[in-house]
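Please look over the sequence and the model before reading on.

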Amino acid sequence: MKPAAKPAVLTVDQIDKSDHHYDLFLSDSDEYHFTDTIIVQKAGRDYRIVDGFEIINAGLPDHYQFPAVCFPENASVLTILRTLVETRVKKCPLFPIETARVFQMIRDNGISDIDLMEILFPVLGLKADTMLIDRYLQLLFLTKPIVTYLIKKNASVKTWLFITKFTRDDQSDLHDLIRLRPTLSVFEEIVSSLYEIQKRESLTQKELLTQMQWTTLLTDENLEPKERIRQIRNAVFRRRFPLLSTHRENVEKTLRRISLPENAGIHYDDTFEKKELQLHWLLNTETDIDKMRNFYTDDAIQKIQLLLDTL
Amino acid sequence: MNHNNRFQRVYITESALQDSVTGDILSKFPSRIQRIVPDDYNFTADVCDLDPKTVLLLARSQGDIVKGCPGTDKSYLCCNYQVINQTQNCPMHCSYCILQFYLNQSATVLYTNFDEIFAELKSKIERQPKRFFRIGTGELGDSLAIDGSVLFAKQAIRVFAEMPNALLELKSKTADVEGLLHLEHNGHTVLAWSLNPQEIIHQNEFTTAQLIPRLAAAQKAAEAGYLLAFHFDPILFYPNWEKLYSELIDELYRHIDPERIAWISLGSLRFPPSMKEKIIERYPNTTIPYSEMVRGMDGKLRYARPLRLPMYKLIYQKLTAVPNPPFIYFCMESPLIWKEVFGKAPENNAHLDFMFAESLYRRFPGLISEKPQRIHYNEGFSLDALPE
């Protein structure tokens, strides 16, 4: 029978503060107070913390007593990790990087992938697929700025795993972008496009970024960060969708030739699946109506026709 | 190329064992990989580590398998094609193939109750005697890649030979048609091939027949009196697409007299967005998911119109630059594209269906006894639908 955890009352001085064996999760000291339950494991004369590392930095006196759940010294790593993960996910889902650290610990302890999958995947809500373990482990090679950014933006697992397609060296090129604090969706759009361009054009990232003047643009102190992001986003889109971009530019150029009153707008489907224009008018006053009436000259109609043909 | 040896396991349901063709199909496989199982046996767990392309299931069909092609969203025109889903999945490996993701089943399925399938077919066709049907077996699999499919095709050719208002289309990427050449088809079977330039075949259509063997097989089929069809689908964007597709059409017409071609379809690459990651995972070296694709009106990713329009125009111009060119149509394209390439578009799916019949009536005298009337198509219904 497997040794089970038992409740105990401990004092702070019974904790081995230097033992961070199970310190796998991001510190929640900024956002949370104590975890609900302190989980510990007997380790020689002392106890090692399994969950609840916040207690170490809480400035409590040595004789302070607290309730804990205590695993015996011979409890298996997998049993402890299952309890730990169960406790954690009840509070909030794990960040992918935390899941990766759990997997790494399991691998380091010689536990089979099958056991890992059977015991932990259901707790983590993962689909049974041994390939996933390796994919998660790749997250451990992400650079620190990228990990910090993805955590801060609460990125999806899909995004985390996608970034592992970049080598660490290539990831460091993305730091210039991260420093400008793009929204997650813009970040995802830019990095996925960069990756796809490289694959399509058989380029290394260095070659591509040099061609696009990536660093120059992103570090241009004369431009506001937002403007730098806008410019690099446009440049990446243009490279990712060259024909579509040219087509859009032609349409925009033709559109600009139409002298639209300020209370009017012309809209088109920018995927070009539909070849149609929508003219919108904002009519509040008689002046607005006059502007509309005066707009529809032969010349304007001709230009609208040209715009429609250009779509 | 024999694809039987790709199967690592063959499951046979007890009821399928009673069908006469089952023994013939099984004779092609070593007995050590065969397992007889109850009809309701769930073998999913047995084969969870196997690619469904390598597991074969011989079973009797449950419910109707003669149906209308599902087509796509009504923003795009479809041709009211009808299908017999006797074979489900394909042993070949095309990087862009939707089947490998669309079919959510653990095995390649072959239905063995041929007599029931043909009975279902006949009863459904008889309900619309004034309409001319095009019916294919190559929608959810290749019509000729597996012996069980070929056995079905042979019997179907004979069945269709006696059906006055239907054409059978056998669609394939294989090149072995020897077994079909001597059959009495009565002109009611179309042998069809998917075509792409050799370079694209080489890079994307793994384990299929190469271009020239496909065309040589088509040539033999034509000599045996079969009508032919070709499907330029999916058309793939390559930097040198103009050269590739021009040469492909030259090669096609070098082998095949256009007058023997009943129809040619054009369709550019398209797939549901969720398939993109799966293609990349399965074919890491392919570049096709990285083209300029947009989300179309049906939600699928497809080449942006400014990209696919020039491809269609060139291919159409080349295909029609011959006397009495074949009937050419788009598979799942918008009326806008039809108009921009062909100068006109069918009014709706029923009209397109009628245009097929009208073309066949005009180009192949004797194939359809009475001149097709539009009303029979406007009032027609799919073979899986009952009229109200």
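This is a predicted model: local features need pLDDT of at least 70, side-chain atom pairs count only at pLDDT 80 or more; totals for chains, interfaces and linings use all residues.

## Where chain B meets chain A

In the interface, 18 residues of chain A are in contact with 25 residues of chain B. The two chains bury about 1,800 Å² between them, and 56% of this area is on carbon and sulfur atoms. On the side of chain B, Tyr290(B), Glu292(B) and Arg305(B) supply 37% of the area buried against chain A, more than any other three residues.

A salt bridge joins Glu340(B) to Lys275(A), with the closest N and O atoms 3.4 Å apart. The elements of chain B that give two or more residues to the side touching chain A are α8 (273–282), β16 (293–295), β17 (301–303), α9 (305–320) and α10 (335–342). By class, that side of chain B has 13 nonpolar, 9 charged and 3 polar residues.

## The sheet of 8 strands

Chain B has an open sheet of 8 strands with mixed pairing, in the order β4-β5-β9-β10-β11-β13-β14-β18. At its edges stand β4 (66–68) and β18 (327–330) of chain B; each has a single partner strand, so one side of each has no neighbour in the sheet. On average, neighbouring strands of this sheet are turned by 25 degrees against each other, direction ignored.

Within this sheet, strand β9 (residues 133–136) and strand β10 (residues 166–172) of chain B pair in the parallel sense over 4 bridges. Ile135(B) has Leu168(B) in β10(B) as its bridge partner. Helix α4 (residues 147–161) of chain B packs on the sheet, where it touches β5 (82–84), β9, β10 and β11 (189–194) of chain B, and its direction makes about 160 degrees with that of β10(B). Helix α11 (residues 349–363) of chain B lies across β9, β10, β14 (261–268) and β18 of chain B, and runs at about 165 degrees to β18(B).

## The sheet of 5 strands

Another open sheet of chain B has 5 strands in the order β2-β1-β3-β8-β6, again with mixed pairing. Here β2 (34–37) and β6 (87–88) of chain B are the edge strands; each has a single partner strand, so one side of each is left without a neighbour in the sheet.

Strand β1 (residues 9–13) of chain B pairs with strand β3 (residues 55–59) of chain B in the parallel sense, over 4 bridges. Opposite Ile12(B) stands Leu58(B) in β3(B).

Definitions and conventions. Residues are numbered from 1 along each chain as its sequence is written. Chains are lettered from A and ligands numbered from 1 in the order in which they are written. Side-chain values use heavy atoms; hydrogens and water are left out. Contact means heavy atoms within 4.5 Å. Buried area is the accessible area (1.4 Å probe) that two parts lose on being put together, summed over both. A salt bridge is a side-chain nitrogen of Lys or Arg within 4 Å of a carboxyl oxygen of Asp or Glu. Ala, Val, Leu, Ile, Met, Phe, Trp, Tyr, Cys and Pro count as nonpolar, Asp, Glu, Lys and Arg as charged, and the others, Gly among them, as polar. Two strands pair if DSSP finds at least two bridges between them. Axes are lines fitted to C-alpha atoms, for helices over the stretch in contact, and angles run from 0 to 180 degrees between N-to-C directions.
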